[in-house]
Each structure stands twice: as structure tokens, then as C-alpha cells.
2 protein chains.
Amino acid sequence: MKKFLNRPEDFVDEMLEGIYRAHPQVTKTADDLRCYVTAHPRPGKVGIVTGGGSGHLPLFLGYVGENMLDGAAVGGVFQSPSSDQILEVTKYVEQGAGVLYIYGNYTGDIMNFDMAGELAEMEDIAVRTVIGNDDVASSIVGEEHKRRGVAGIFFLYKAAGAAAAQMMPLDEVARIAEKARANTRTMGVALSPCIVPEVGKPGFEIGADEMEIGMGIHGEPGISRSKLAPADAVVDQMLDRIFAEESFGAGDAVAVLVNGLGATPLEELYILFRRVSQRFEEAGAAVRNVWLGEFATSMEMAGASISVLRLDAELEPLIAASADTPFFKHVAR
Amino acid sequence: MKKFLNRPEDFVDEMLEGIYRAHPQVTKTADDLRCYVTAHPRPGKVGIVTGGGSGHLPLFLGYVGENMLDGAAVGGVFQSPSSDQILEVTKYVEQGAGVLYIYGNYTGDIMNFDMAGELAEMEDIAVRTVIGNDDVASSIVGEEHKRRGVAGIFFLYKAAGAAAAQMMPLDEVARIAEKARANTRTMGVALSPCIVPEVGKPGFEIGADEMEIGMGIHGEPGISRSKLAPADAVVDQMLDRIFAEESFGAGDAVAVLVNGLGATPLEELYILFRRVSQRFEEAGAAVRNVWLGEFATSMEMAGASISVLRLDAELEPLIAASADTPFFKHVAR
């Protein structure tokens with residue numbers, strides 16, 4: 001295991017110490033390093049809380065900041081945060097307008113967020129929940145509720161965060177997040193495994209010339225393993241799967257996120273995007289907003305994902321709004 | 001070789017096509033994809049041009065944008081751009097106030113930038129040059145002119161870019177860049193090699209439990225190879241070398257860049273920064289600006305570098321100014 005770390009059991013907390021030292025815009029509630037919140041909560045605004053396992057930076061905590069989220073409960077590597085931690089973050093970000101939970105569709109997270117939400121409601125905090133489930137590889141059409149949440153949750157954060165910053169009420173912010181959820185689809189491809197520090201060996205094996213389409217960000221099995229194809233053919237396989245569920249044509253507009261899983265260079269993400277752009281151009285659809293880089297990683301895993309958000313007149317300005325977190329900055333043009 | 005690409009010989013141009021498709025703020029001069037410039041040159045402003053080999057994204061072209069650079073000549077992977085390409089970019093960014101070249105200390109780049117500069121001067125374009133040489137591992141004190149330019153060149157771009165945006169004249173912008181150069185020191189450490197697409201195999205070998213301190217971003221030999229140490233000890237080795245040349249104490253202020261070389265997760269960079277921050281705290285010096293992430297990579301190389309810029313009253317506001325490129329955004333606070 002070749003990582004910059006001290007003791008594997010300190011990996012998450014020392015990472016958090018580094019973040020707090022680097023970025024005074026964020027802080028922890030009271031004594032728990034893993035209750036990560038904005039240092040500047042805004043009175044009267046709906047609070048948005050996320051959370052999940054570590055090892056995916058900038059997911060989850062990287063989206064806490066202006067025009068995005070207000071807090072994140074941080075779990076161990078690939079582990080859910082506790083309901084106590086989620087409740088603690090919830091109480092901090094409650095500013096009189098209620099709290100929206102947005103997180104990925106994983107059993108442990110659902111259990112702990114649900115429990116925290118019930119405890120929060122008992123303390124008279126209104127809570128709504130929208131669960132990201134954008135990974136089209138992880139279940140068939142008609143069983144979307146079984147799909148995992150992956151990088152596309154970024155679009156839920158972006159849209160709901162901008163809506164909350166406009167001081168929309170809780171039900172409206174939840175409706176926006178839900179619309180972004182329904183309109184977002186992601187396909188991923190993995191080329192190499194990653195190593196959980198406290199485990200010390202790769203989570204799976206993959207041949208030197210193989211790729212796995214549809215693999216999850218914790219190494220969950222994908223839908224096909226084959227020889228690594230040329231970049232354009234890889235993109236075509238991924239987009240064909242998305243386009244089979246949702247067609248795009250003249251008059252349609254989308255936002256696109258090409259996400260690196262950890263070890264894949266930015267150069268390669270642009271080569272992938274070149275083909276994504278060609279495909280939408282051929283379909284006659286407009287790509288209005290583009291982000292490329294690392295947004296939801298699996299530590300040092302090589303691979304990429306492509307997320308597509310169908311835009312409408314309501315979502316487009318929210319997606320295009322400025323945002324400013326220590327990990328993500330966007331300047332509206 | 002496990003990369004997302006089509007033909008290796010198209011790697012750079014297809015990457016550039018992807019970038020132009022994604023980011024309308026940048027464009028190419030005339031027909032050459034590799035002459036990369038801002039789409040919105042500003043009349044009367046000093047133009048700043050950089051350039052160098054591909055494979056280091058976001059270096060070099062990623063810093064072309066508002067409050068930073070105006071153009072970049074893009075070479076093949078780890079190869080210099082041609083003097084013709086540099087001249088083409090120079091002519092485009094000349095807006096009546098002259099042009100400053102800022103690039104790294106590599107023989108091919110120096111030869112081609114010098115030639116382009118001479119040709120530009122013959123066309124009555126005033127040209128100044130500042131060459132980044134921040135890598136303290138690459139030569140001893142007293143022979144700093146032999147040192148390679150690595151991630152610390154980011155500080156030269158940031159300071160000179162902000163100075164040019166304030167409409168300072170050419171000699172002033174060059175003086176600022178030169179001061180940032182003299183005040184910047186970097187140390188790197190590599191854990192794994194990378195593969196040049198047209199070569200198809202790693203540039204060097206390194207043992208499964210080894211690190212190399214001081215390795216260059218093209219795999220140039222470092223100053224020591226040893227067993228991978230705990231993160232805090234790795235940082236101490238790197239900073240001890242910087243502190244041996246330049247001491248920091250009470251009243252001193254610095255900007256710090258912790259840069260990932262490609263495959264190293266952001267989590268690990270924060271663990272490294274935690275120790276960097278502790279060391280400056282122990283010395284009594286203030287860390288005023290912090291950036292972490294990938295700023296100058298070596299494709300899929302695992303490793304990191306730490307760059308330190310000594311601030312003064314003139315550099316500090318320039319370093320802290322807002323900037324907005326497709327690859328780098330900073331919002332002044």
C-alpha cells in the first residue's frame with residue numbers, strides 16, 4: 001500500500017485536521033472532527049446536510065460552502081457516519097427554515113440519516129430527504145430506487161444549494177433537488193482498484209488490459225468486464241446506456257460532468273469529453289454547462305464517470321449560479 | 001498502458017479539442033490547436049505567455065484566463081512547443097503593452113522561447129522573460145539557475161497575472177514575476193512512474209515500498225531513494241530541505257501549494273498539509289494562502305510536491321486576488 005499517511009486508523013481524522021487548518025470557511029460542531037459545517041450559517045435559510053463515507057474527496061464535504069451545502073457528517077473510509085453525527089450537524093445548520101438531507105443511496109447511510117431525521121423532528125426541526133440514485137448501471141429501469149448514488153449527486157447539490165441561497169422554503173428546495181435527481185443519469189468505468197487504508201490491499205482485481213463498465217465507487221460489480229477499448233468506444237458504450245433510457249434531441253439542453261475516479265489524468269477526461277460533446281452535437285442537443293475533474297473519487301482508483309443532467313428553464317439558472325467552497329468554485333458568466 | 005485514449009499520436013490534439021469544446025473562454029490562434037489563447041484579450045494590458053510540454057494539466061494552459069495568463073504554446077507530451085507556435089501566441093496576445101514570457105527552466109523551452117522572443121522583437125513587440133526554477137532538489141544553492149521549474153511556477157503566474165490585470169507596465173509585471181520567482185521554493189516526492197502515450201511503458205522503475213525525494217515532473221532523478229516513510233516524516237524531509245535555504249520565523253508570512261502529481265488522492269494531500277501547517281506554526285510563521293490539489297502533474301504519477309512562497313506587502317494582495325480560468329478559480333475574500 002503506497003499512500004501518504006501516518007497510522008491507517010488516523011487517515012480520516014488527520015485528513016480533516018488538514019482541511020480545518022487549510023480552510024477557515026469550514027469548521028466542526030463542538031468536539032467531533034467528523035461533524036463538518038460551514039463557519040457562516042445564514043439565518044432563515046434552509047440548511048442542506050449531506051454525508052457518507054470518506055475516500056471520495058471532494059465528495060461529500062467538499063460541497064459545503066456558499067450557494068451549496070451547509071454541513072456534512074463524515075464517516076470512516078467507505079463507512080456511513082453515525083446518526084448522532086448527522087443529528088449534531090442537523091442541529092447546527094437548522095436556521096429556522098428546516099433542513100434538507102441529500103445523500104447517496106446506500107443502506108447504512110439511509111438507516112442513519114432516517115434515524116437522525118426522526119430525532120431532529122422530535123426537536124421540532126423540519127426535515128426532508130432526497131436520495132441520489134444516478135448510477136444507471138446499478139439497476140434496471142423501473143427499479144431506479146435500487147440505484148446507487150455516484151458523481152451525479154453534484155448536480156443535486158448545485159441546484160438545491162442555489163435554490164436555498166435564494167431563500168426558497170424547504171419544500172421548494174426539496175422539490176428542486178428531487179427534480180435534479182430525476183433528471184440526472186451517470187455511467188462509470190473503472191480501470192484499477194483502490195486500497196482502503198485500514199485494509200491494506202486492493203478491493204478487487206482487474207486484468208492489466210481490462211476495464212469494468214458500471215463499477216461503483218466502492219468497487220461494487222459493474223455490468224461488463226472487457227478489454228480496454230479506444231476512448232471514443234468507451235464513451236459510446238457509456239452514453240448508449242444513458243441514451244437508451246433518456247433521449248436527447250433538438251431543443252434539449254444538458255449539463256455534463258466528466259469525473260475522474262482518482263488516478264485518471266485530466267488530459268484523458270478531456271479526450272473522453274471530446275466524444276461526449278460530439279455525441280450531443282450529433283443528437284442536436286446543447287451542452288450548456290460542463291465540469292471536468294475530480295468530483296467523486298474512489299481514492300486512487302483509475303477510471304471515470306459521465307453524468308448528464310437534463311436542464312429546463314428552472315434548473316438551468318440554478319446550475320449556472322456562482323458557488324464557492326474550499327473544494328469547488330464556480331463563477332457565473 | 002491503461003489510458004483513455006484513441007491513437008497515442010492523437011493524445012495531445014484530442015485533449016485540446018476536448019478543452020476547446022468545453023470552454024468557450026479559450027480559443028486557438030488561426031489553425032493551430034496548440035496555439036492556445038484567451039478568447040478575450042484586453043487592449044492595453046501586458047500579455048503573459050507560457051508554454052511547455054503536455055502531460056502536466058492543469059499546467060501550462062490551465063492558467064490562461066482572467067487575472068492570470070493570456071496564452072500558452074502547447075508542446076507534445078513532455079516536449080517543448082516550437083518557436084513558431086510561441087511566436088504565433090505572442091503576436092495574438094500583444095495588445096500594445098508588450099509580452100512577458102514565464103515558463104520552466106528546460107533547455108528546449110529556453111531555446112524556443114528565446115528564438116520566438118527575438119523574432120517578436122523584430123516585429124516591434126517588447127518581450128521580457130522570467131524562468132521558473134523553484135525545484136530546490138535539482139541543484140545546490142549558488143547554482144539556482146540550473147534548477148528545474150515545477151509546481152511553484154503557479155505563484156509566478158498568480159502574482160504576475162494579477163499585476164498585469166492592474167494594468168502595470170511590462171517592466172513592473174516582469175519585476176513582480178521575478179520577485180515571486182526568487183521567493184518560491186518547491187520540493188517533490190514521487191511514488192510511482194507515469195507512461196508517455198507514444199512510448200507505452202513507464203519512464204522509470206521504483207520499488208513497491210519505495211519513494212524518491214526530489215524527482216522531477218518528467219521523472220528526472222531526485223536526491224534520495226528510500227523506503228516510504230510515514231506522511232509526517234516525508235513532509236519533514238521535504239521542508240527541512242527548504243528551511244535549510246530559507247528560514248521562516250515570527251512575522252513571516254507564506255503562501256503554500258500542496259500539489260498532487262496525478263494519482264495521489266486529495267485525502268493524502270490534506271494529511272501532508274496538516275504537517276506543513278504544524279511546521280510553520282512551530283516556526284511562528286503565518287500561512288496566509290493555501291492551495292491543495294493538482295496544479296502541475298506528471299499524468300498518472302503518484303506523488304506530491306510542496307511549494308512555499310515568501311510573501312511581502314507587495315506580493316500578498318496579488319496572490320490573494322480573484323482569478324478565473326477554466327481550470328483554476330479563486331474568489332478573493
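By class, the lining of the largest cavity comprises 7 nonpolar, 6 polar and 1 charged residues, where Ala, Val, Leu, Ile, Met, Phe, Trp, Tyr, Cys and Pro count as nonpolar, Asp, Glu, Lys and Arg as charged, and the others, Gly among them, as polar. The model is a predicted one, in which local features need pLDDT of at least 70 and side-chain atom pairs count only at pLDDT 80 or more, while totals for chains, interfaces and linings use all residues. Residues are numbered from 1 along each chain as its sequence is written, chains are lettered from A and ligands numbered from 1 in the order in which they are written, and side-chain values use heavy atoms, with hydrogens and water left out.

Back to that cavity. Its volume is about 80 Å³, and 14 residues line it, with Val150(B), Gly188(B), Met215(B), Ile217(B) and Ser305(B) nearest the centre. A cavity here is a set of points, on a 1 Å grid over the protein atoms alone, where a 1.4 Å probe fits but cannot get out; a pocket is an open set with protein on both sides within 12 Å along at least five of seven lines, and lining residues have an atom within 4 Å of a point. Grid points are joined across faces, edges and corners, and a volume is the space filled by probe spheres set on the points. Strand β7 of chain B (residues 184–190) gives the largest share of the lining of the largest cavity, 3 residues. Helices (H or I, at least four residues) and strands (E, at least two) are DSSP runs, numbered from the N terminus. By this rule for cavities, the count comes to 6 of 30 Å³ or more.

Now for the open space. The second largest pocket holds about 1100 Å³. It is lined by 39 residues, and those closest to its centre are Ser192(A), Glu300(A), Ser192(B), Ala263(B) and Glu300(B). Sorted by class, the lining of the second largest pocket has 23 nonpolar, 6 polar and 10 charged residues.

The crossing of α4(A) past α5(A) is right-handed; a crossing is left-handed if the near helix is turned anticlockwise from the far one by less than a right angle, and right-handed if clockwise. On the α4(A) side the contact is made by Phe155(A), Leu156(A), Ala159(A), Ala160(A), Ala163(A) and Ala164(A), and on the α5(A) side by Val173(A), Ile176(A), Ala177(A), Ala180(A) and Arg181(A). Contact means heavy atoms within 4.5 Å. This α4(A)–α5(A) contact counts 10 nonpolar, no polar and 1 charged residues.

In total, the contact of α6(A) with α7(A) has 8 nonpolar, no polar and 6 charged residues.

Leu228(A) sits in the loop between β9 (224–227) and α6 (231–245) of chain A. Leaving aside neighbours within four places in sequence, its contacts include Leu191(A), Asp209(A) and Val234(A), along with Lys2(B), Lys3(B) and Phe4(B) of chain B. A cis peptide bond, omega about 5°, joins Leu57(A) and Pro58(A), and Pro58(A) lies in the loop between β3 (47–54) and β4 (71–77) of chain A. In chain B, the bond from Leu59(B) to Phe60(B) is cis, with omega near -5°. Phe78(B), in the loop between β4 and α2 (83–93) of chain B, has a positive phi near 60° though it is not a glycine.
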